Amino acid sequence: PGDDAGPALAAVLAGCTPAQAEDTLEELADLGLLLPAADGRYRSHDLVRLFAADRLEDEDLPSDRRAAADRMRRWLLDVALTAGRHGATGWLRVEGENWLGALRLAAAAGDHARVVEVAEALHRFSNHWVSWLHWEAVFTMSVAAARALGDLALEAAQLNHLAWSQAACYRRYQRCVEHALTAHRIAAEAGDVRQQAWALAYGAYGYRELGDAGRCADLARRAAALALEAGDQEAYSQALARLGDGLHGLGRPGEAMDVRVRLAAVLTTPGNGIHPELAAVTLAGVYVQLGAHHAASGDWTQAAAYYEMAARLLRTRDVPAFESTVRMALGQALSELGQRDEARAQFDAARALFVDLNDDEGAERAESAISACGSAWS
């Protein structure tokens, strides 16, 4: 389905070994019928691809074509499922267009359980690839699949994932709120307290970005209570994070600080049941907010210390959008302290992250910050 493929997928389609597939791919490339791509992958020219499709239609039996397509779909979704559960992010990124195509084939074939299973396995990975343009398609398919299965709790969970994607990936915060509130209604109908908690936490996220601090705080407080009732520490941590945001937006910084200190204690308690990755990223968010609190009062030394703690947590977490923001904040704090060389290093790191994210506006901000550091850089 994608623009390129490697020997493993070619072997699945051709029904041969990867070594045989690699030899054949190299031969086709030598003949000019395939074009080498990065990392040992190959792609075909559009005209050659159309010609090959015509030959396939003319020369292969329909049953053979269906069998090859079924093998491809099963293999891609099997590997995507395993990769999503075990964090094989490299394969998921490289084969993104291919496994997405396989998911679409599964949806079209009515394989609803498989669509939901794969989407659920990929939800945590999606946090690491918010710049990918297709998460809306993935979770729209999984919502439709859950609805077709008649499972309200499952539908609410997938709607929550879709709500997250609208905010985190597309900055469509009103849509985030709409999907989240729909998820809450369906989860309540299903009697699923856990998904109710997540729905309200995502709704609070959307309201925070819309600038409605009151609704953000209200939904977050309700989400926290539901999360505790459900025994879901992950949902509880996210609800507390949004409650801190809402209280801060309402002009109640002292209460917001108390909530964030409580959240930090939850995140650092051994055996808290929170995935280490989520705990680290959320704790980094707490440090950023604490840094911002000190920056607002002009205490740049303490602000820089908190921003540095956040940056240290994010270095190996593969969340470039968040890390770029943290590095910009750290660069500003260091600049205010007169540490221009160190500040520029942070701005330069942020610029590289923005470039990787194809965020031109962010890269321009970083470039301007670098220029403002003057000639102190060596």
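**Exercise 1. Find the cysteine whose sulfur is closest to that of Cys216, and decide whether the two can be bonded.**

Solution. The model is a predicted one. Step 1: the closest cysteine sulfur to that of Cys216 belongs to Cys176, at 11 Å. Step 2: a disulfide needs the two sulfur atoms within 2.5 Å.

Cys216 has 1% relative accessibility and is buried, because buried means under 20%. Cys16, at 27%, is partly exposed.

**Exercise 2. Describe the surroundings of Arg260: which helix holds this residue, is it buried or exposed, and which residues does it touch?**

Solution. Step 1: Arg260 lies in helix α14, which covers residues 253-267. Step 2: its relative accessibility is 6%, so Arg260 counts as buried. Step 3: leaving aside residues up to four places away in sequence, Arg260 touches Gly244, Asp245, His248, Val286 and Gln289. Step 4: Leu283 is 23 residues from Arg260 in sequence, and their C-alpha atoms are 9.3 Å apart.

**Exercise 3. Give the strand order of the open sheet of 3 strands, and state which strands stand at the edges.**

Solution. Step 1: the order is β1-β3-β2, with antiparallel pairing. Step 2: β1 (4-5) and β2 (35-36) are at the edges; each has a single partner strand, so one side of each lacks a neighbour in the sheet. Step 3: β2 pairs with β3 (residues 42-43) over 2 bridges, in the antiparallel sense. Step 4: Leu35 has Arg43 in β3 as its bridge partner.

Technical notes:
Residues numbered from 1 in each chain as written. Predicted model: local features only at pLDDT ≥ 70, side-chain atom pairs only at ≥ 80, totals over all residues. Heavy atoms only, no water. Helix = DSSP H or I, 4+ residues; strand = E, 2+ residues; numbered from the N terminus. Buried < 20%, exposed > 50% of the residue type's maximum accessible area, 1.4 Å probe, protein only. Contact = heavy atoms within 4.5 Å. Pairing = 2+ DSSP bridges.
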